[in-house]
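Student: I would like to go through the terms used for this structure and see what each one rests on. Where do we start?

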Amino acid sequence: MEDLKERLLPPKVPKPASAINLRESSYRPAAFGRQPFQSVDVLGLKKRGQGLRSWIRVDTYGNSQIIEVDKFTMMRRCDLPARDLRLLDPLFVYPSTILGREKAIVVNLEQIRCIITADEVLLLNSLDSYVLQYVVELQRRLTTNGVGDVWQSDGSELSRRRGNRNFDSVFGSTSPDYLPFEFRALEVALEAACKFLDSQAAELEIEAYPLLDELTSKISTLNLERARRLKSRLLALTRRVQKVRDEIEQLMDDDGDMAEMYLTDKKSRMESSFYGDQSVLGYRSTDGTSLSAPVSPVASPPDGRKLEKSLSIARSRHESMRSSDSATESIEELEMLLEAYFVVIDSTLNKLTSLKEYIDDTEDFINIQLDNVRNQLIQFELLLTTATFVVAIFGVVAGIFGMNFTIPLFDNAGAFKWVLIITGVTGFCIFSAFVWFFKYRRLMPL
């Protein structure tokens, strides 16, 4: 891995002196003590998309090399629009996407951002460990199974090898020999993305369940904050997994998109069509008509032109019908491949869904506990209010007897004792009546 990282390191280019002086002058303080206005380098941002970029190229034989290609050259090389290349730009954040184009497959799955053609895989040169693992795994599978020797043949041999395969080879290997190069590269990308998301889901599970169990036993501010951060990470990871799942499901539901991703078949059909046109031209040249000399309108009969036009139309119809039939027959291979990783990513999504349900259940349990504590506080407040009312009765009696007037009761020595007894019994009866009313109305537990 270290040797591959050193080999894939981009070459160090020395910075020009003008750029260094410009940077130093931009950070130099002004004479009057204020920092000068630092404008955005629009010209540099504009040239950034047109400059050379380092790409890792892996061919069908597993050989890798570093190439430096600008954006427009890459667009012409892979026949892709600029919006598709923006999906691979690390400066932008796009959701996971798999696009099937005429001559390439654009893959944006988590850290794996690459362009897959019928002959090569192009990745942005990065020192990310997942990118390096993708390159190493793709090279291992290509060199082990020899895809370069299997798929460098014509369309008839390809169809014959597909028809002669058995089901033991289908289920016995992770990357079967009958799959073309572009599907092997796509399979490694899907496997890397699924493993990365599944590992993150497993780490989240290991961290979540002990924290939630601790939170149910001890509700504190620290545990609640940790649970909040955990839930935000869970939601972000669930959105990413859901996007990958939806992308695979969308491909599986659209037969046209899956047929567009058979790049090797389309390349072989184009080559056979090109060789067929060359044979027709050679037949015309052997028929006595010179291809290099100018043809006179009188010398070429109109019947020959009509015959050639009718033959070309029939050949094009035959090629389109054959391509549609072969697409419908061979689309099952890609569908089985996508279905296998759809099951994997759906299992990861089920793990995250179960974890989210566990978090929701924990939140409901915590809310129930908090409601119970709140109800106990309300009951205590009712009792305290009732006791305060009973004590207030003694204050009313003391206020009445404390007025400045004389009555015969003051002359009796035992009158004060009877006043206290009567007031206490009255207060106890009032307090008991309140408690009974609260229990009758189910405001307090029995």
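Tutor: With aromatic pairs. This is a predicted model, and it holds five aromatic pairs.

Student: What makes Tyr130 and Phe196 an aromatic pair?

Tutor: Their ring centres are 4.6 Å apart. The limit for a pair is 6.5 Å between centres, so Tyr130 and Phe196 count as one.

Student: Why is the pair of Tyr130 and Phe196 called edge-to-face?

Tutor: The planes make an angle of 80 degrees. Planes over 60 degrees apart count as edge-to-face, so the term applies here.

Student: Which parts does this pair tie together?

Tutor: Tyr130 belongs to helix α6 (residues 129-145) and Phe196 to helix α10, so the pair links parts that are 66 residues apart in sequence.

Student: Why are α10 and α11 called roughly antiparallel?

Tutor: Helix α10 packs with helix α11 (residues 221-253) at about 155 degrees, and their axes are 10 Å apart. Angles over 145 degrees count as roughly antiparallel, so that is the term for α10 and α11. The crossing of α10 past α11 is left-handed.

Student: Which residues make the contact between α10 and α11?

Tutor: On α10 they include Leu190, Phe196, Leu197 and Leu204; on α11, Leu230, Leu234, Leu237 and Val241 are among them. The contact residues divide into 16 nonpolar, two polar and five charged.

Student: How do you know that β5 and β6 are paired strands?

Tutor: Strand β5 (residues 112-116) and strand β6 (residues 120-124) share three bridges, in the antiparallel sense. At least two bridges are needed for pairing, so β5 and β6 qualify.

Methods:
Residues are numbered from 1 along each chain as its sequence is written. This is a predicted model: local features need pLDDT of at least 70, side-chain atom pairs count only at pLDDT 80 or more; totals for chains, interfaces and linings use all residues. Side-chain values use heavy atoms; hydrogens and water are left out. Helices (H or I, at least four residues) and strands (E, at least two) are DSSP runs, numbered from the N terminus. Axes are lines fitted to C-alpha atoms, for helices over the stretch in contact, and angles run from 0 to 180 degrees between N-to-C directions. Angles under 35 degrees count as roughly parallel, over 145 as roughly antiparallel, 65 to 115 as roughly perpendicular and the rest as oblique. A crossing is left-handed if the near helix is turned anticlockwise from the far one by less than a right angle, and right-handed if clockwise. Contact means heavy atoms within 4.5 Å. Ala, Val, Leu, Ile, Met, Phe, Trp, Tyr, Cys and Pro count as nonpolar, Asp, Glu, Lys and Arg as charged, and the others, Gly among them, as polar. Rings of Phe, Tyr and Trp (its six-membered ring) pair if their centres lie within 6.5 Å; planes under 30 degrees apart count as stacked, over 60 as edge-to-face and the rest as tilted.
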